[in-house]
Amino acid sequence: MRPEQPITTQIIDLIKAEAMPVGSHLPAQLLADRLRVSRSPINDALSLLAEKGVLKREPNRGYFLAQTVDSTAKDFAEKLGIDETDVITEVYFRIADDRLRGLLPAEFTETLIKQRYNLTPAQLNGVLGRIANEGWAEKKPGYGWIFSSMLTTADSLLQSYRLRLALEPAALLEPNYRLAPEVIARCRAAEKHLLDGGIETDSADALHERGVRFHESLVEGSGNAFFIDTIRRVNRVRRLLSYRSMQNRTRYKEHCKQHLQLLDLLERERNEEAAEAMREHLRITLRNHTKIREILTP
């Protein structure tokens, strides 16, 4: 499976490759582990496949295969209209880049986006829905849309890292902190995948989700609902600049090594050392801010 494929197509590929019979259970966490992404895009993809009749959702049990996949993932996706997700992803990144370059106004209409990027009504809804879900644009009361003023400059990204610098090390020091062995194993596998070549081949989506999932997983180990909610909110609204910063991937190898060190410390319950390692990990990003600023400046 190619990492640039949409998650839905990757799941179809997996179903066909393993010749899964009708009725097979597709657990979200298992798929997330296999495809090395967080559960959020997996759940979105499973929901879409259920809407298309490929899967059946059973309350409190999850998703089950409802029909045989007997053609290539590409053909199957085209037949169901799932291939539109390719267009949505491509246009999503074009809009993000155009906004950061100042080529789109702060307030805009659906007609502007539809005509500028040559979208069908379904594609337009898909793109705007994703942008709204990720928090960098919202529908105005009555008519039109407006881009968020947050996180559209390099200084905004710096501020988000300062917040994380205060929050994430503190989360590791919570008195009842516990990171489950299966979470450690999942995070470790994702980092090793990147070191084995994923840094160069994974999509910006996959890279961003991997980083978000790693840091959110570590904060979730605190059991502190306030820490967890805050880090999720920060990660939602910082996506716009984070995607653009991925044009330069040279720093990712070192990031992976730092993440693996953090996992080793937490596995041995050396949380004070882990908190200091997290602090240094985020400080390194701040020290490299000049390079990030150059990437983010239109």
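Where is the place of Asn118? The points below begin with that residue and then proceed by topic.

1. Asn118 is in the loop between H6 and H7; helices here are DSSP runs of H or I with at least four residues, strands are runs of E with at least two, and both are numbered from the N terminus. Its phi is near 55°, a positive value in a residue other than glycine. Asn118 counts as exposed at 68% relative accessibility, where exposed means over 50% relative accessible area, buried under 20% and partly exposed in between (1.4 Å probe, protein chains only).

2. Basis of the model. This is a predicted model, in which local features need pLDDT of at least 70 and side-chain atom pairs count only at pLDDT 80 or more, while totals for chains, interfaces and linings use all residues. Residues are numbered from 1 along each chain as its sequence is written, and side-chain values use heavy atoms, with hydrogens and water left out.

3. Confidence. The protein chain has a mean pLDDT (the predictor's confidence in each residue, from 0 to 100) of 82, and 83% of its residues reach 70 or more. Confidence is highest in helix H6 (residues 110–116), at 95, and lowest in helix H15 (residues 289–296), at a mean of 55. Where pLDDT is low, the predicted coordinates should not be read in detail.

4. Helix H7. This helix comprises 13 residues (121–133), which should span 18 Å at 1.5 Å a residue; the end C-alpha atoms are 18 Å apart, in agreement. The expected span is 1.5 Å times one less than the number of residues. Gln123, Leu124, Val127, Leu128, Arg130 and Ile131 are the buried residues of H7. They fall within an arc of 155° seen down the axis, so they line one face of the helix; the arc is that of the directions from the helix axis to the C-beta atoms. The face turned away from this buried side carries the exposed residues Pro121, Asn125 and Asn133. Just after H7, Gly135 takes a positive phi of about 85°.

5. A charge over a ring. Arg130, one of the buried residues of H7, lies over the face of Tyr92, at 3.9 Å from the ring centre. The criterion is NZ of Lys or CZ of Arg within 6 Å of the ring centre and within 35 degrees of the ring normal.

6. Helix H2. In H2 (residues 28–35), Ala28, Leu31, Ala32 and Leu35 are buried. Their arc around the axis is only 105°, which puts them on the same side of H2.

7. Aromatic pairs. The structure holds 2 aromatic pairs, defined by ring centres of Phe, Tyr and Trp (its six-membered ring) within 6.5 Å; planes under 30 degrees apart count as stacked, over 60 as edge-to-face and the rest as tilted. Phe108 and Trp145 are stacked, at 6.2 Å centre to centre with 20° between the planes. Phe108 belongs to strand E3 (residues 107–108) and Trp145 to strand E5 (residues 145–147), 37 residues apart. Phe108 and Phe147 form a tilted pair, at 4.5 Å and 35°. Phe147 lies in strand E5, so this pair ties together parts 39 residues apart in sequence. Phe108, Trp145 and Phe147 form one aromatic cluster.

8. Cysteines. Cys187 counts as buried at 5% relative accessibility, and Cys256 at 0%. The count of disulfides (cysteine sulfur atoms within 2.5 Å) is 0.
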